Amino acid sequence: MTDYKQLIQAALDCMHNSYAPYSQYNVSAAVLCASGKIYTGVNVENASYPAGICAERTAISHAVACGEKSITAIAIVGGKNFTPSDYCTPCGICRQVMREFCDPTQLTVIIARSTDDYKLMTLEQLLPESFGPQMLGK
């Protein structure tokens, strides 16, 4: 996929489902799997802050729950009050979870404000010298 607009739009469409009553910072992600299917997820905050989960991990968990094990791209949108206003980069934990299901040199990470305003990078750029499954003999 070289036209990432569909993936970005999937993330934008799901953003209204974000549950962020504490920060009001809504994040949505859409993952493109090797199968060609797209799975979405949103951030879900919790009064016990560590119990919350990021949009990227929700989208990846959604994909895995549907039988996927390989991701090729992820689009992330984020901003206050359901308005994508920032280039929302994934946190360290999300970067490591992405690493589990991809080749970091090949995974395209799209941080977007709209379908026309986005940046592309690889996971390797975001998580250099990463630890992955092959290091455990898988």
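## Exercises on a predicted model

The side chain of Ser18 makes a polar contact with the side chain of Asn26, at 3.0 Å. (A polar contact is a pair of N or O atoms within 3.5 Å; within protein, one must be able to donate a hydrogen and the other to accept it, and residues adjacent in sequence count only if both atoms are side-chain atoms.) This is a predicted model, where local features need pLDDT of at least 70 and side-chain atom pairs count only at pLDDT 80 or more, while totals for chains, interfaces and linings use all residues. Residues are numbered from 1 along each chain as its sequence is written, and side-chain values use heavy atoms, with hydrogens and water left out.

**Exercise 1. Find where Ser18 sits, and work out whether Ser18 is buried or exposed.**

Step 1: look in the loop between α1 (5–14) and β1. Helices (H or I, at least four residues) and strands (E, at least two) are DSSP runs, numbered from the N terminus.

Step 2: check the accessibility. Ser18 has 7%, so Ser18 counts as buried. Buried means under 20% relative accessible area, exposed over 50%, partly exposed in between (1.4 Å probe, protein chains only).

Step 3: list the neighbours. Leaving out residues up to four places away in sequence, Ser18 touches Asn26, Val27, Val42, Asn43 and Phe82. Contact here means heavy atoms within 4.5 Å.

**Exercise 2. Describe how β1 and β2 go together.**

Step 1: β1 (residues 25–33) and β2 (residues 38–42) run antiparallel, joined by 5 bridges. Two strands pair if DSSP finds at least two bridges between them.

Step 2: pick out one bridge. Ala29 has Gly41 in β2 as its partner.

**Exercise 3. Name the buried residues of α2 and some of what covers them.**

Step 1: in α2 (residues 55–65), Ala55, Glu56, Arg57, Ala59, Ile60 and Ala63 are buried.

Step 2: their cover includes β1, β2, β3 (71–80) and α3 (92–100).
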